[in-house]
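Please keep the sequence and the 3D view open while reading.

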Amino acid sequence: MAESAAGRPPTGPTPRSPAPAAPTPANRTSGTPPSATPPPATPTGPGLLKRLVLRHYRRFAPALDIAGEAYAAAVVGYEAFDRHNADVQDALSAELSRVLAARSTFELWRLGKRFEADFARYCGRRAAIGTASGTAALQIALVAAGVGPGDEVITSAHTFLATLLAIRNTGARPVLVDPDPGDLCVRPEAVRRAITTRTRAIVPVHMHGHVADVAPLLALGLPVIEDCAQAHGATRDGQRVPIGPTGCFSFFASKPLGGAGNGGAIVTDDEGLAERAERARDPEGSDPIVLRAARTPSYIDPLEAAVLTARLPKLASWRAARAANAAAYRAAFAELAPVLPAAGVESAWYSFVVRIDDRDAVKRRVLLGGVETKIEYATPVHLSPTFADEGWRHGDFPVAEAAAARGLSLPLHPFLTTAERDRVITAVRRALRR
Ligand SMILES: Cc1ncc(COP(=O)(O)O)c(C=O)c1O
């Protein structure tokens with residue numbers, strides 16, 4: 001806003017001035033257009049109004065922007081599912097036709113299996129077990145790892161509440177640790193300190209597509225089930241997630257690899273866990289371990305598998321485009337303490353989060369500037385009413401609380417044009433200057 005007020009004329013609608021007098025035979029023959037009439041010596045009426053608007057442009061700018069420049073073009077959206085589909089249109093049509101042409105349960109099942117094999121190969125793992133959602137993948141993997149009632153599972157206080165729901169659905173209790181303020185992923189030392197005799201597993205979360213430091217967690221001797229819901233294709237020191245033997249993915253539409261709706265997968269090198277996971281998602285499973293758990297049959301939908309099969313070959317180029325957007329934002333917004341991956345991490349860049357004290361007001365002003373942003377986690381999980389019975393209090397996890405209070409995510413999807421990305425940068429800068 002300040003830029004407009006100081007450097008160039010306001011670009012909102014010009015204040016209304018009286019319509020020029022319609023040409024009449026009298027003024028047409030006079031040769032003097034009505035607008036050329038000399039102004040009165042003391043400016044009053046519309047002239048004064050125009051000067052007032054100019055003087056107070058800063059105050060009026062958001063309203064002017066709504067009607068003018070910013071909304072003349074479409075708002076830059078946070079997501080663009082349609083552009084993902086357009087990028088894979090032919091493959092998508094072919095894969096969807098295969099599902100619709102299937103004659104039997106076996107043929108549908110085989111299509112799901114094909115995607116599972118493709119995704120396991122992509123992750124460099126022995127097996128992938130498709131599920132209805134990322135939440136189901138986590139729950140089933142935890143059950144397969146032997147987690148059940150009375151156990152504790154350590155995870156991050158900065159996550160989507162589905163991570164905690166999956167733990168609680170096994171009958172276990174989530175134990176939270178505050179994340180590192182830099183990348184908002186768990187710190188191994190904090191996890192180590194939270195271990196008790198009841199700890200049965202650890203769930204590090206690769207938040208925002210950054211990769212948590214998993215290697216020291218694997219050395220603790222407990223099952224580690226990585227929450228890779230936001231981190232498809234991300235690497236740490238050259239190793240693609242999951243870093244350890246087992247990780248769980250979400251294929252919700254917004255994810256770096258998303259389907260048309262919901263889906264998920266467990267990816268693992270642990271053959272025993274893979275077998276138990278297969279049994280845990282089977283409604284007729286009678287394994288004593290899986291019988292301990294409340295469970296829901298959960299398979300990947302063949303239509304989702306078809307969409308994912310069409311999109312998987314594009315994941316590398318989409319990830320590179322997200323990384324390029326992130327690099328531009330990083331250069332533009334270094335002073336906003338962006339949430340950045342640790343050294344050695346190639347993030348999946350699920351989100352680019354900046355930290356702003358008056359975040360909610362800035363978000364509103366950015367929208368008035370024609371750009372949609374997102375507050376991903378307005379309430380930290382430990383303060384969510386869903387988990388009120390856990391007894392967590394305000395102040396228990398200050399890093400997670402600050403992230404929820406100050407985090408604002410900018411549009412990062414792979415199909416942002418350079419012009420759209422520049423509009424995001426300009427809109428945020430203007431919103432910050434007011
Ligand atoms: C960190 C994290 N964990 C788990 C999930 C759950 O995945 P889904 O929505 O597919 O159940 C999500 C999804 O948003 C997530 O972001």
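Which elements do the buried residues of helix 10 pack against?

## Helix 10 and its partners

In this predicted model, the buried residues of helix 10 pack against helix 9 (134–144), and they also pack against strand 2 (152–156), strand 3 (173–177), strand 4 (199–203) and strand 5 (225–227). Helix 10 spans residues 161–169, and its buried residues are Ala162, Thr163, Leu164, Ala166, Ile167 and Asn169. In an α-helix there are 3.6 residues a turn, so residues three or four places apart point the same way. Helix 10 is followed by Gly171, which has a positive phi, near 100°.

## The chain as a whole

The protein chain contains 19 helices and 12 strands, and 44% of its 434 residues are buried. Among the contacts in the chain with a separation of 6 or more, 69% are between residues 24 or more positions apart.

## The largest nonpolar core

The largest nonpolar core has 96 residues, of which Ala141 and Leu142 touch the most other members. Helix 9 provides the largest share of this core, with eight residues. At least three residues of the core come from domain 1 (72–80 + 315–433), and at least three from domain 2 (84–312).

Leaving out residues up to four places away in sequence, Leu142 touches Val147, Val153, Ala166, Ile167, Thr170, Ala201 and Ile225. Two of these residues, Ala166 and Ile167, are also listed among the buried residues of helix 10.

## Around the ligand

The shell around the ligand holds 15 residues, and those that come nearest are Ser133, Gly134, Thr135, Ala229 and Ser250. Helix 9 and helix 10 each contribute at least two residues to this shell, and the shell as a whole divides into five nonpolar residues, nine polar residues and one charged residue.

## Leu108 in helix 8

Is Leu108 buried or partly exposed? Leu108 lies in helix 8 (residues 105–123), and it counts as partly exposed because it has 18 C-beta neighbours inside 10 Å, whereas a buried residue would need 20 or more.

When neighbours within four places in sequence are set aside, Leu108 is in contact with Val99, Ala102 and Pro302. Pro302 is 194 residues from Leu108 along the chain, yet the C-alpha atoms of these two residues are separated by 6.1 Å.

Terms used. Residues are numbered from 1 along each chain as its sequence is written. This is a predicted model: local features need pLDDT of at least 70, side-chain atom pairs count only at pLDDT 80 or more; totals for chains, interfaces and linings use all residues. Helices (H or I, at least four residues) and strands (E, at least two) are DSSP runs, numbered from the N terminus. A residue is buried if 20 or more other C-beta atoms lie within 10 Å of its own, exposed if 12 or fewer, and partly exposed in between; C-beta atoms are placed from the backbone. Two residues are in contact if their C-beta atoms, placed from the backbone, lie within 7 Å. A nonpolar core is a set of buried Ala, Val, Leu, Ile, Met, Phe, Trp, Tyr and Cys residues joined through C-beta atoms within 7 Å. Domain bounds come from an automatic or database domain assignment. A residue is near a molecule or strand if its C-beta atom, placed from the backbone, lies within 6 Å of it. Ala, Val, Leu, Ile, Met, Phe, Trp, Tyr, Cys and Pro count as nonpolar, Asp, Glu, Lys and Arg as charged, and the others, Gly among them, as polar.
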